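This report describes one protein chain for a reader who is new to structural terms. Please examine the sequence and the model shown below before reading on.

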Amino acid sequence: MSEYRLEKIEREVVLFLVDGLVLEGVVFVSAFAYGHSGAQTLLELLREMERFLPFRDRAGTFRLINREAISHVRHVPEDYVEPAPLGARAKARLFFFGGETLEGSVILEMPEDKCRIKDFLNVAPAFFPLDAGSAHYVVNSRQIHQVVPL
């Protein structure tokens, strides 16, 4: 290994792209996170500023995926347990431009007086977590065209 190369960890994911394409494979998170001990989380990786995300599909093909083309990502929860975010939980059904829908709960990390799902979505980072019970997602808020609070 080169002394200039950073150690990466492969994370299994399913990428749902805005054109309806579904890709199964791995993304590469850093073994060392910036803001906490342990490895970088998938959410931190998706929130990075770089436009393209390295990805290797199950056939072994390496690709660079434009983050804006990702509507949502399904994943297995990580071993690293992030501190529990403060905020109320809100259940919602999300409708994506590609025709896909998801239903689950979002933690509204907002001040108490601005704790509606509308408030959260209007200031949410590009990617935020959605817990759908048996499945866990990271959602691209820029690819949602409609939300129905439940």
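Helices (H or I, at least four residues) and strands (E, at least two) are DSSP runs, numbered from the N terminus. The model is a predicted one, in which local features need pLDDT of at least 70, side-chain atom pairs count only at pLDDT 80 or more, and totals for chains, interfaces and linings use all residues. Residues are numbered from 1 along each chain as its sequence is written, and side-chain values use heavy atoms, with hydrogens and water left out.

**The chain as a whole**

The protein chain contains two helices and ten strands. Read from the N terminus, its elements follow the order β-β-α-β-β-β-β-β-α-β-β-β. A residue is called buried under 20% relative accessible area, exposed over 50% and partly exposed in between (1.4 Å probe, protein chains only). Of the 150 residues in the protein chain, 39% are buried. A contact means heavy atoms within 4.5 Å. Among contacts in the protein chain with a separation of 6 or more, 54% are between residues 24 or more positions apart.

Strand β9 spans residues 136–140, and four of its five residues are buried. Two strands pair if DSSP finds at least two bridges between them.

| Partner of β9 | Residues | Sense | Bridges | A bridge pair |
|---|---|---|---|---|
| β5 | 70–75 | antiparallel | four | R74 with Y137 |
| β8 | 127–131 | antiparallel | five | P129 with V138 |

Strands β8 and β9 form a hairpin with four residues between the strands, where G133 takes a positive phi near 80°.

**An aromatic pair**

Rings of Phe, Tyr and Trp (its six-membered ring) pair if their centres lie within 6.5 Å; planes under 30 degrees apart count as stacked, over 60 as edge-to-face and the rest as tilted. One aromatic pair is found in the whole structure. The ring centres of F120 and F128 are 5.4 Å apart and the planes stand at 85°, so this pair is edge-to-face. Both F120 and F128 are buried.

**A residue at the surface**

Is F62 buried or exposed? F62 lies in strand β4, which covers residues 62–66. Its relative accessible area is 52%, so F62 is exposed.
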